[in-house]
Amino acid sequence: MNKKAITLLGMISAGLLLGGCSNGNSEKVDRANSVSQSKKSNRNEKVVKIDKTSNQVGPLKVHVSNIKYEKVENKESNWTDAEYNMEGHPKKDLNKYYYRAIVSLKFENTGDKSVDLSYGERTYTVDDGTAFPIQSGANGSSFESSVAKIAPHGKLAETVILISNNKFTANKLQVTFTDICENMDTTLSEGGTAKI
């Protein structure tokens, strides 16, 4: 072999050796980081599978899939839209550690007309009877990820975030509707409470 071929083989071998080392080490580091991060986040959170549907209120039913409960340190990097939209200021009004539940649910319209959730209001009531009105204060506030129309016989997947200074559970969540409307001028049904 000539000198160029030997030098080239040496460089390729060194590159493979170094590349193999860095890939193996970074994988170990990445795995170690993800394990420590998941351990850290799992210490303060718990997911509860609910998979239950409520009674019907007007044309609507509510199906709750699961709820993720979290104990949250009050710092801006941990805030969600719920904290930014609550009444008052989260830094001043929420405790150093407060509680959050992220509820995965679906609204089902069993009727023959569209339902517009931007009309009427909803309040979410947790197991101890505490009401969580939309965009309320630190002792019980809720935030809905979207407010949209639900087509006749359609479903709307929704994420609802509940926050409070007090620890709570919502495994038997109740959703109280004021009115259920098709649009600003047409009320389809008076309100009521959907119980999970």
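Contact here means heavy atoms within 4.5 Å. The exercises below concern a predicted model.

**Exercise 1.** Determine where Asn109 lies, whether Asn109 is buried or exposed, and which residues Asn109 touches.

*Solution.* 
Step 1. Asn109 belongs to strand β3, which covers residues 97-109.
Step 2. The relative accessible area of Asn109 is 0%; buried requires a value under 20%, so Asn109 is buried.
Step 3. With residues up to four places away in sequence set aside, Asn109 touches Pro59, Leu60, Ser114, Val115, Ile150, Ala151, Pro152, His153 and Gly154.
Step 4. Two polar approaches involve the Asn109 side chain. A polar atom of that side chain is 2.8 Å from the backbone nitrogen of Gly111, and the side chain also reaches the backbone oxygen of Ile150 at 3.2 Å.

**Exercise 2.** Describe the surroundings of Asn55, including its polar contacts with Thr193 and Lys195.

*Solution.* 
Step 1. Asn55 is located in the loop between β1 and β2. Its relative accessibility is 35%, so Asn55 counts as partly exposed.
Step 2. Beyond neighbours within four places in sequence, Asn55 is in contact with Leu60, Lys61, Thr193, Ala194 and Lys195.
Step 3. The Asn55 side chain reaches the backbone oxygen of Thr193 at 3.1 Å and the backbone nitrogen of Lys195 at 2.6 Å.
Step 4. Asn55 and Ile196 are 141 residues apart along the chain, yet their C-alpha atoms are separated by 7.3 Å.

**Exercise 3.** Characterise the second largest pocket by its space, its lining residues and their classes.

*Solution.* 
Step 1. The second largest pocket holds about 280 Å³ of space.
Step 2. It is lined by 14 residues, of which Lys46, Tyr69, Glu70, Lys167 and Phe168 are the closest to its centre.
Step 3. The elements contributing two or more residues to this lining are β1, β2 (60-73) and β3.
Step 4. Sorted by class, the lining comprises 6 charged, 5 nonpolar and 3 polar residues.

Technical notes. Residues are numbered from 1 along each chain as its sequence is written. This is a predicted model: local features need pLDDT of at least 70, side-chain atom pairs count only at pLDDT 80 or more; totals for chains, interfaces and linings use all residues. Side-chain values use heavy atoms; hydrogens and water are left out. Helices (H or I, at least four residues) and strands (E, at least two) are DSSP runs, numbered from the N terminus. Buried means under 20% relative accessible area, exposed over 50%, partly exposed in between (1.4 Å probe, protein chains only). A polar contact is a pair of N or O atoms within 3.5 Å; within protein, one must be able to donate a hydrogen and the other to accept it, and residues adjacent in sequence count only if both atoms are side-chain atoms. On a 1 Å grid over the protein atoms alone, a cavity is a set of points where a 1.4 Å probe fits but cannot get out, and a pocket is an open set with protein on both sides within 12 Å along at least five of seven lines; lining residues have an atom within 4 Å of a point. Grid points are joined across faces, edges and corners, and a volume is the space filled by probe spheres set on the points. Ala, Val, Leu, Ile, Met, Phe, Trp, Tyr, Cys and Pro count as nonpolar, Asp, Glu, Lys and Arg as charged, and the others, Gly among them, as polar.
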